[in-house]
Amino acid sequence: MEKDIITLLIERNFLGLEKFIDVFGTDIIKCIRSILNHPKERIYHKETENEVFYRIWQKIATYDAQKSSLKTWTMTITRNICLDKKRQIIREQQMIPTEQLPETLLEEDYFEKEQFLDLLQSLNNEDQLIFLRYYYYQDSPKDIAKDLTMDTAQIYNRLSRGRQKLKQAIKR
């Protein structure tokens with residue numbers, strides 16, 4: 001089944017995309033909704049979904065069945081696109097109109113936020129998500145744990161370890 005889908009996608013046959021969506025569409029949508037789960041992010045669900053399908057359509061030739069299953073490969077792409085979208089949304093929401101603030105304050109504020117987001121790059125994707133949800137959206141560790149199907153203690157541990165990694169990144 002997977003081989004047929006891959007072959008059709010490589011041949012740029014839309015039947016392959018339809019079959020792919022039938023098989024993996026639900027998992028992709030669940031992943032998108034779990035990462036982009038705040039009310040302000042819901043409007044990006046369809047856009048992100050389309051981006052995932054387009055990226056898979058474009059990158060299917062790079063898929064290697066020896067390295068991972070098609071589902072794992074697909075979910076990795078989905079997760080990365082969702083995290084990129086989440087970062088983009090955060091950056092957009094942090095922007096302040098230039099008329100309202102003096103230029104120096106705006107610059108300092110902007111660079112602080114950019115540095116924070118750049119620092120998060122030193123964490124793995126899941127830890128980035130936890131940090132964004134905890135520090136930016138101020139979600140409770142209990143809510144984060146529930147959405148990521150983890151224990152609350154794991155969230156606290158990841159936050160603690162993440163802070164240590166960020167301290168080391170700042171020292172460098």
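Visitor: What makes arginine 133 count as buried?
Guide: In this predicted model, arginine 133 has a relative accessible area of 2%. Buried means under 20%, so arginine 133 is called buried.

Visitor: Why is aspartate 147 called partly exposed?
Guide: Its relative accessible area is 34%. The term covers values between 20% and 50%, so aspartate 147 is partly exposed.

Visitor: What makes the contact of arginine 133 with aspartate 147 a salt bridge?
Guide: The closest N and O atoms of arginine 133 and aspartate 147 are 2.7 Å apart. The cut-off is within 4 Å, so the pair qualifies. Arginine 133 sits in helix H6 (residues 125-136) and aspartate 147 in helix H7 (residues 141-147), 14 residues apart.

Visitor: Why is the pair of lysine 85 and glutamate 47 called a salt bridge?
Guide: The closest N and O atoms are 2.5 Å apart, and the limit is 4 Å, so the term applies to lysine 85 and glutamate 47. This pair links helix H4, which holds lysine 85, with helix H3, which holds glutamate 47, 38 residues apart.

Visitor: Are lysine 85 and glutamate 47 buried or partly exposed?
Guide: Lysine 85, at 4% relative accessible area, is buried. Glutamate 47, at 39%, is partly exposed.

Visitor: What does the salt bridge between glutamate 41 and lysine 86 tie together?
Guide: The N to O distance in this salt bridge is 3.0 Å. Glutamate 41 lies in the loop between helix H2 (14-35) and helix H3 (45-59), and lysine 86 in helix H4 (residues 70-94), so the pair ties together parts 45 residues apart in sequence. Both glutamate 41 and lysine 86 are buried.

Conventions:
Residues are numbered from 1 along each chain as its sequence is written. This is a predicted model: local features need pLDDT of at least 70, side-chain atom pairs count only at pLDDT 80 or more; totals for chains, interfaces and linings use all residues. Side-chain values use heavy atoms; hydrogens and water are left out. A salt bridge is a side-chain nitrogen of Lys or Arg within 4 Å of a carboxyl oxygen of Asp or Glu. Helices (H or I, at least four residues) and strands (E, at least two) are DSSP runs, numbered from the N terminus. Buried means under 20% relative accessible area, exposed over 50%, partly exposed in between (1.4 Å probe, protein chains only).
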